[in-house]
Amino acid sequence: MEPDRRRGDLPAAPAGHGPLTRNRSTPNGVPTELNAEYYAQRASHALIITEGTQPSADGQGYLLTPGIYSEEHIAGWRKVTDAVHKVDGRIVIQLMHAGRMSHPDNTPHHRQPVAPSAVQPAGAMFTASGLQEMPVPRELSTEEVATTVDDYRRAAAAAIAAGADGVEIHSANGYLPHQFLATNTNQRTDQYGGSIDNRIRFAVEVATAVTDEIGAGRTGIRISPGNPFNDIAESDTHELYPALVRALAPLDLAYLHIVHGGDDEPLRTLRKLWPTRLVLNRAGTDIPTRAKDVEDGLADIVTVGTMALANPDLVERVRTGAPLNTPDPETFYGGGEAGYTDYPTLTA
Ligand SMILES: Cc1cc2nc3c(=O)[nH]c(=O)nc-3n(C[C@H](O)[C@H](O)[C@H](O)COP(=O)(O)O)c2cc1C
């Protein structure tokens, strides 16, 4: 029988936990028992996509985010994946290289952030000594781009060694792969800059390397077409993303995850071009709106961010029509149990 290519190796159920940075790892980027408890509480989601996790020291942007490039990281993540699997959940680790969205005070080596080009991001970043301007990043040499691709490859292997069911490559929201895609952040003159074919090369090389390492059925990728978050300005969104999706399609990844707002027409175009499962994050909308995307066939799975953060039993609440807890933005980024593992369930 022909395998159903939309199914891959990951489960096909409608509501996933979207990736959410919570800044509650150790200073060395090691996940803790508290992190394991948080994710295990949310194991009834079709799939858990973890918080952005740096594949290298260069890849760290924010304080107290987890890494997946050392033995300690692997041991920490092992606690998380074991806890989730014990209650029948599925978990993929999101590989997030922050690129220029970083500050030397936030990384273990305290070096200047790296990026496709030396273009300083607007805005300030939270550091241990308060809000600080992000410095002008250092442009990666062509050789260093290859090294960075290799960092993703090793991180993917480490994620599997830590017991994860797969990885998601974060190519959205203004972080490193998105900085290669967008015209304002990529001013390179080598094979990674200029034309669309050149700007998509980094994301495609990362996806290819990760797929080679751990298998396509365990690899997903997240994109956010047209999203200006983190000082991104794309001059050719409507040509760029179809080209990227066409180039990724032959890899037969487990899924494409799209952060979406605004006009649905470009989304339908990407849906048509994509051969496997489409995971949709229709940012900021209510549950019925998201459920309709699955009913209408626009998405195979929808992910939920802040509502999943605030409702460990979101799936049960939606199934029974129970009211939802309200997320508290004060406790999103950093802290302990409060606003993390203490959101009540229906039965708590
Ligand atoms: C606290 C917080 C942390 C986030 N961290 C990440 C992240 O690490 N990786 C990522 O791809 N998106 C991240 N996002 C974006 C969310 O995954 C999601 O796209 C956004 O919250 C909008 O969708 P929602 O309405 O489902 O929450 C974060 C959002 C919030 C509120």
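**Figure 1. Helices and strands of the predicted protein chain.** Helices (H or I, at least four residues) and strands (E, at least two) are DSSP runs, numbered from the N terminus. By that rule, the protein chain holds 11 helices and 12 strands. This is a predicted model, in which local features need pLDDT of at least 70 and side-chain atom pairs count only at pLDDT 80 or more, while totals for chains, interfaces and linings use all residues. Residues are numbered from 1 along each chain as its sequence is written, and side-chain values use heavy atoms, with hydrogens and water left out.

**Figure 2. Overall dimensions and surface of the protein chain.** The C-alpha trace spans about 55 × 50 × 35 Å along its principal axes. The radius of gyration is taken over C-alpha atoms, and the globule rule is 2.2 Å times the number of residues to the power 0.38. For 348 residues a compact globule would have a value near 20 Å, and the 19 Å of the protein chain agrees with this. Buried residues (under 20% relative accessible area, with exposed over 50% and partly exposed in between; 1.4 Å probe, protein chains only) account for 56% of the 348 residues. The protein chain exposes about 13900 Å², of which carbon and sulfur atoms supply 53%. These areas come from the Shrake-Rupley method with a 1.4 Å probe; for residues, only the protein chains shown count as cover. Contact means heavy atoms within 4.5 Å. Among contacts between residues at least 6 apart in sequence, 69% join residues at least 24 apart.

Figure 3. Side chains of opposite charge can pair when their charged atoms come close. A salt bridge is a side-chain nitrogen of Lys or Arg within 4 Å of a carboxyl oxygen of Asp or Glu, and by this rule the count comes to 16. Asp-150, Asp-151, Arg-153, Arg-154 and Glu-213 are linked in a network of such bridges. Arg-154 pairs with Asp-150, their closest N and O atoms being 3.5 Å apart. Both residues lie in helix α3 (residues 142–161), 4 residues apart, which is about one turn of the helix. Asp-150 is partly exposed, at 32% relative accessibility.

Figure 4. The closest N and O atoms of Arg-153 and Glu-213 are 3.5 Å apart. Arg-153 belongs to helix α3 and Glu-213 to helix α6 (residues 201–214), so this pair ties together parts that are 60 residues apart in sequence. Arg-153 is partly exposed, with a relative accessible area of 26%; Glu-213 is also partly exposed, at 36%.

Figure 5. The side chains of Arg-319 and Glu-316 meet at 3.0 Å, N to O. They are 3 residues apart in helix α11 (residues 314–320), about one helical turn. Arg-319 is exposed, with a relative accessible area of 63%, whereas Glu-316 is partly exposed at 34%.

**Figure 6. Gly-193 in its loop.** Gly-193 is found in the loop between α4 (176–181) and α5 (196–199). With a relative accessible area of 5%, Gly-193 is buried. Apart from neighbours within four places in sequence, Gly-193 is in contact with Asn-186, Arg-188, Asn-198 and Arg-199. Gly-193 and Ala-83 are 110 residues apart in sequence, and their C-alpha atoms are 43 Å apart in space.
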